[in-house]
Amino acid sequence: MGQRVRLLSVVNACCFLLCLGALLSGLTSAQRLVTVQTGPLYRVQGSHITILCNVSGYQGPSEQNFQWSVYFPSAPTREVQIISTSDPAFPYAIYGQRVRDKEIYIERLTGDSVRLHITNLQKTEEGEYECHTPNTDVQYHGSYSAKMNLTVIPDTLRVTAVPQTLSKIEGDSVELKCDVSKTTTEHTHLSVSWYIQKGSQKMEVLSLSRDFILGSGSSFTPRHLSGDIRLDKIGETSYKLTIYKLLPSDQGDFFCEGVEWIQDPDNSWFAVTKNISEKISVNVQATDKDFSVRLDTERRLYTVGETMELKCILDAQNVAERYFAISWAFNSTPVATVGPNAVAVLSTEFAQRESIGQLKLGKENDSVFVMKIYRLRLEDSGKYNCRVTEREKTSTGEFVDRENRRPKNVPITVQPLKSTMTVVLKINAVSILEGSTLKFTCTVSSVSGTPSYLSVTWQLLTNQNQHIIIAVLDKDGILTVDPSYLERSAQGDLQVEKGRPDSFTLGIYNTLKSDEGVYQCRVTEWIQDPDGNWEKLGEQTASGSISITALETGFSVTAVIRTPGVTYNDSAELHCVIRPRYPTSVRMSVTWRFQPAGSSGFYDIVTLTQDGAIHWGNTYPNIKSRAALERTESAGQVRLVIGRVSDGEAGKYQCAAELWRKNLTDTWIKLANRTSSPVEIRVSRPTSKLKVSKSKRSIQLVENSILQLNCLVVSQTSIDSRFSVLWYGQKSSDADGKLILKINHNSAYEYGTYADEVGLRGRLQFEKLSAGLFSLTVRKAKVGDSGSYYCHVEEWLLNPNAVWYKLTEEVSGLTEVTVKQPDKNLQVSKIPQTISFTENSHIPLNCSIVNRTSQDSRVSVEWYINKPNMEQQRIVQLSHNNVFHYGDVMEEGSLKTRFQFEKPSDGLYRLVVHNANILDSGSYFCHVEEWLINPDNVWYKRAEDRSESTVITVQRPEVRLQVEKSELNFTVKEKGNFQLDCRIQSQSKQESQFAISWYLKAKEESAVLKNEQVFRIDHDSVFGKEGEHWSGRLQFRRPATTNYSLTVQEAVIRDTGSYYCHVEEWVLDPNNMWYKLADDDTELTIVAVESTGSSLQSVICSNEALFYFVFFYPFPIFAILIIVIFLVRYKRRNSSKNSDSKNGVPLLWIKEPHLNYSPTCLEPPNLSIHPGTIE
């Protein structure tokens, strides 16, 4: 019995380890893992290589996609894409053509496993290869790619032999040699094999493996074992094959094959390259037509139902050209005969088995004949043999038996089937609470693999020794349940399943006390005989004992209070702890009860029913809004939290619990109830933590500043505390403080008497700067506000019944305040200057305020000018209230338009004199007054200052006028023209205007005469009056801005003389008035007019008295004559108007004469009378 218990413990431990391994495997599968063939791999250039890649632990479709990339050593961080199972456009250009030509391709092994193929491997394809799987998971978890290194090495394997043809006779010996060498730097092994090729058939003769193990082909094994065939290594690279006793079957082409092997990181060997030598032809001349037969089989011991294969192997020459018949025998009883025509003749018994597919006859080739027997039976044990008979075909087409051969008998043993099945029972728990779940797992294992057909029977041996078959699941999957469990099975409390072919489960839910006992799993293995009947092959049993504890056992209820002593507004936390933990089929109802302080009875507060409903009691309805009920299934607790406790929640509490479960009619049944011991809650007011800063302060400030008094609450009892703050002031330390302002905890204001006494009411401002920091601000502080100030703080709290109460009070330290008038700090820049300007310049005069008494002050700025022999005069004033005034001096002329006052920046005042003239010269300075406003909003002058003088001198422009001074001398014919030029070479100002005059210099002998002005044009382009002598003969031109010319036409003798040009330069003064700045004369131009003879016209024109007598005097005489005629005719017309009209004679109306006058006196005047009109 002890050994059985120990064996059961070992079995249970093994089951636990198996389940733990399965669980860890399941956890691991939840994480994607990509693996590639372990590297580095060394492969030969030009070879065909493969790299394996697998993915596991993925989600999504079973067929995953794969992408291959490579990182070359020349660029180890640059990815070069090779091929993808999903994207034809994935390869880069260098691989695109090779992928399309199928030189590189992916072989899919399974949905999550592929193999990369690269044919004709190149040295340039050496690098780090990466296999990547695109994500199909719900979220990224795990690895999605893996890498390995591939190194490409050159192919140095050389396999050579001397090609030749050897002719031998059957029974001779032959020696064949080949050389196999390599120069690979990597550690590799060589294997050498000799082959014989007959047509398309290649057979291995002997081989020397990479581990120096000698092996032979199946056809040459007996001869190798007998020593007729051997392989020797001669020297470092030569391998010699020796064949003794040559047979006709040894005729063919011999060659050797060399294979170079390298060991991969997974310790497996890989053939990196192989090569073959030239062929050596061996001809063997047969001495006779003898043949031999042998019978082969894989093994000689079989089990019922397995398949046996027998091979009858013929060893002869020219088999294809000869005729052989084979017969099979079992225990010397013929089984079948197969003639040369391949027609089989079977005995009656075996013919029947051949008809149902249990026997098959055939041949692999001309020399190998095969018999297979399927589904072996016990009676198939015995001796098997085959006989080969050579037949000769006669000229008539009939076959005649010649020689026959038979090998030794091969004994075959068929043993009966035996079950190797073992059964292990695993239970989720051996001791449970009533109502919990029981789960049994019966696992089957077998040496020969999982049996195909199994049935299971679940049984219970109760503590009353009652044997109950719970359920039976037969080999066809049909479930039969015991009648006593049918109702529980229908409700789902009993479940029998076959999870896997080798696993059965029994689940019992909502267990009862009567389910206690020993459970047994009995598994039966079944097998079907050749006739289709089912036979029991074996049966195994596993059992386990279960202990179930009744619900009432250990049922207890405990009330626990986390905070027995609480203060106002805190939370009280009560726990009802229920032991033990019960399954979900068992429900609990929990009720909290309360006994107020001073009373004698308990009242129900709240009940949590077994259905999960919450019912509040009616005795204390207000507690519902402040209490929370929470159930913690995992801890088996029901927590009651009462928030904002008050005196009304002080008292004793207890909890009561009841166990419930539904019966088969779905009705709740109370199983048990328990009540806890009472616990008590004590409620008290909070302890005051109020603390006001006691530090003393001293404040000095100037009047009109802002006085800020702070009251700091360093600590408070609760974050919900409110404060009443009372501010007090006193003139001296001996006097009692007087109330200035009170702010209640509800933010109501109340002024004290001190605020009215010193005039603070309108200047106070109360603020709460932050939590616990209160500020009283006095705006526009006065000198009379000096004194001592402090605050008085009262802390108020809200009790749970929403009523405010004062908890405590405290006084702050004193703040000494001194208010004074500001110091005089006005300062004006005092830098003396002396500056000269030209007329029309813009003169800026700065008045810079370097410092001020206050940034809020205002200034009054005045500008003054001092001139020699004159009193100081004010120019402008800007008062402190920004009113602008002109001084008396600004009333004259255009000074208001030329003097500009401005403020370019703060503290800088500027007087700008535009278009300065000479009269603006003088000494200038500014006078500044600083004004401050007192707390009563009245401005007063606090300081004044003045700048140093700036001496300004205004000068006229520098004279730069210069005309061309070249002296000319020329002669002109009478009646001809001559030109006088005047050129200005430089001028004083670009805006200057010029007055130009030409003069004829007086004769030296006539000193009393002045120079005669010939022509003049003023600076304003007004022409001067021409002299009579020059009238009509002058032509003025201005070819350029500074070039002038005067042409004298129709020159006369009198024009002879010396001429010069007089230039005057005129400029505008600042008052827009023109004045002459400078003048200059050209050199003389001497003109001589030569006479050309006399004429009537020239005589008249040259004699002034004669000219008037001829051309002027006749005109008035002739005009008087016309007027007289007109008066006579008009008088006559009036007197005889009617008669004239009747006669029809028109009147002759004589108009004024029309005169054409040439002022040049070149032609005589014309006088003409034009006819009038007839009325």
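**Aromatic pairs and hairpins in a predicted model**

A search of the whole structure, which is a predicted model, finds 28 aromatic pairs.

Student: Are the rings of phenylalanine 884 and phenylalanine 901 stacked, edge-to-face or tilted, and why?

Tutor: The ring centres lie 5.8 Å apart, and the planes meet at 40 degrees. Planes under 30 degrees apart count as stacked, and those over 60 as edge-to-face.

Student: Is phenylalanine 901 buried or exposed?

Tutor: Buried means under 20% relative accessible area. Phenylalanine 884 has 35%, so that residue is partly exposed. Phenylalanine 901 has 18%, so it counts as buried.

Student: What kind of aromatic pair do tryptophan 1030 and tyrosine 1059 form?

Tutor: Their centres are 6.3 Å apart, and their planes are at 75 degrees. Planes over 60 degrees apart count as edge-to-face. The pair of tryptophan 1030 and tyrosine 1059 is therefore edge-to-face.

Student: Where does tryptophan 1030 lie, and how many residues apart in sequence are the parts tied together by its pair with tyrosine 1059?

Tutor: Tryptophan 1030 lies in the loop between strand E79 (1012–1017) and strand E80 (1034–1040). Tyrosine 1059 lies in strand E82, residues 1057–1068. Both tryptophan 1030 and tyrosine 1059 are buried. The pair ties together parts whose separation in sequence is 29 residues.

Student: Which residue has lysine 202 over the face of its ring?

Tutor: Take another lysine to begin with: lysine 147 lies over the face of tyrosine 71, at 4.4 Å from the ring centre. Lysine 202 sits at 4.7 Å from a ring centre, over the face of tyrosine 195.

Student: Which residue in E36 is the bridge partner of glutamine 459?

Tutor: Strand E35 (residues 454–462) pairs with strand E36 (residues 467–473). The sense is antiparallel, over six bridges. In E36, the partner of glutamine 459 is isoleucine 469.

Student: Which residue takes a positive phi near 85 degrees in the hairpin of E36 and E37?

Tutor: E36 and strand E37 (residues 479–481) run antiparallel, joined by three bridges. Alanine 471 has valine 481 as its bridge partner in E37. The hairpin has five residues between the strands. The residue with a positive phi near 85 degrees is glycine 477.

Conventions
Residues numbered from 1 in each chain as written. Predicted model: local features only at pLDDT ≥ 70, side-chain atom pairs only at ≥ 80, totals over all residues. Heavy atoms only, no water. Phe/Tyr/Trp six-rings, centres within 6.5 Å; stacked < 30°, edge-to-face > 60°. Buried < 20%, exposed > 50% of the residue type's maximum accessible area, 1.4 Å probe, protein only. Helix = DSSP H or I, 4+ residues; strand = E, 2+ residues; numbered from the N terminus. Lys NZ or Arg CZ within 6 Å of the ring centre and 35° of its normal. Pairing = 2+ DSSP bridges.
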